[in-house]
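Thanks for coming. I have one structure to go through this morning, so please look at it on the screen while I talk.

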Amino acid sequence: MKKYLFISCVMLTTLLFSSCGTNKASSTENTAQVSNSAESNFDIDLTGMSSTMVYAQVNEMITTPTDFVNKSVKLSGTFSSEPSEFEGVNYYFVVIADATSCCSQGFEFIYYENDNAVSNESYPEVGAEVEISGVYTSYDENGSTYYYVKADNLRVL
């Protein structure tokens, strides 16, 4: 009896571990295919996804940001701004809430017009619903790497 119980436990454990593993590369490709299947011109279009897919995609972009560098993205959410420690410099974010609004995530972005970053006065009011699109990229500051969207389009909804 103990032998059968042990074999059953081993088989169940093997089944659980083999079914839970995912290949990050194929997961990223599948997500990109989902967004492209909706006739999107973007590698990642969060605006056309269900709230569950948005949560999964945002989580993946935050946990493995290097997989998404140089990908074109489109997203919408609530505009937010935070001042930096440097006078006159602000950080800008699009805050995306999940379906239950418990786990919001902010994507930093910088808005560019004609390859020039726009002035602080050109951004919308904090709390405005916005949609941005651009390229997901990174910058280094004080020895750390940060990821952001280099936005070429900013629209207040």
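Buried residues account for 32% of the 157 residues in this chain. Buried here means under 20% relative accessible area, exposed means over 50%, and partly exposed lies in between, with a 1.4 Å probe and protein chains only.

A word on what you are looking at. This is a predicted model, in which local features need pLDDT of at least 70 and side-chain atom pairs count only at pLDDT 80 or more, while totals for chains, interfaces and linings use all residues. Residues are numbered from 1 along each chain as its sequence is written, and side-chain values use heavy atoms, leaving out hydrogens and water.

Now the overall layout. The chain has 3 helices and 7 strands, and along the sequence they run α-α-β-α-β-β-β-β-β-β. Helices (H or I, at least four residues) and strands (E, at least two) are DSSP runs, numbered from the N terminus. The accessible surface comes to about 10,100 Å², and 52% of that belongs to carbon and sulfur atoms. Those areas come from the Shrake-Rupley method with a 1.4 Å probe; for residues, only the protein chains shown count as cover. A contact means heavy atoms within 4.5 Å. Of the contacts between residues at least 6 apart in sequence, 55% join residues at least 24 apart.

Next, strand β6. Which strands does β6 pair with? Strand β2, residues 72-83, pairs with β6 in the antiparallel sense over 7 bridges, and strand β7, residues 144-156, pairs with β6, also antiparallel, over 12 bridges. Two strands count as paired if DSSP finds at least two bridges between them. β6 and β7 form a hairpin with 2 residues between them, and Asn142 in the turn has a positive phi of about 55°.

Within β6, which covers residues 129-141, look at Thr137. Is Thr137 buried or exposed? Thr137 is buried, because its relative accessible area is 17%. Leaving aside residues up to four places away in sequence, Thr137 touches Val69, Tyr146, Tyr147, Tyr148 and Lys150.

Two of those names come up again with the aromatic rings. The structure holds 9 aromatic pairs. One of them joins Tyr139 and Tyr148: the ring centres are 5.5 Å apart and the planes are at 65°, so the pair is edge-to-face. The rule is that rings of Phe, Tyr and Trp (its six-membered ring) pair if their centres lie within 6.5 Å; planes under 30 degrees apart are stacked, over 60 edge-to-face, and the rest tilted. Tyr139 counts as buried at 19% relative accessibility, and Tyr148 is buried at 8%. Elsewhere, ring pairs link Phe79, Tyr92, Phe109 and Tyr123 into a cluster.

As for Lys150, its charged end sits over the ring of Tyr112, 4.9 Å from the ring centre. That call requires NZ of Lys or CZ of Arg within 6 Å of the ring centre and within 35 degrees of the ring normal.

Last, the loop between β4 (105-113) and β5 (116-117), where Asn114 lies. Asn114 has a positive phi near 55° without being a glycine, and is exposed at 74% relative accessible area. Asp115 lies in that loop between β4 and β5 too. Asp115 is not a glycine either, and has a positive phi of about 65°; its relative accessible area is 65%, so Asp115 is exposed.
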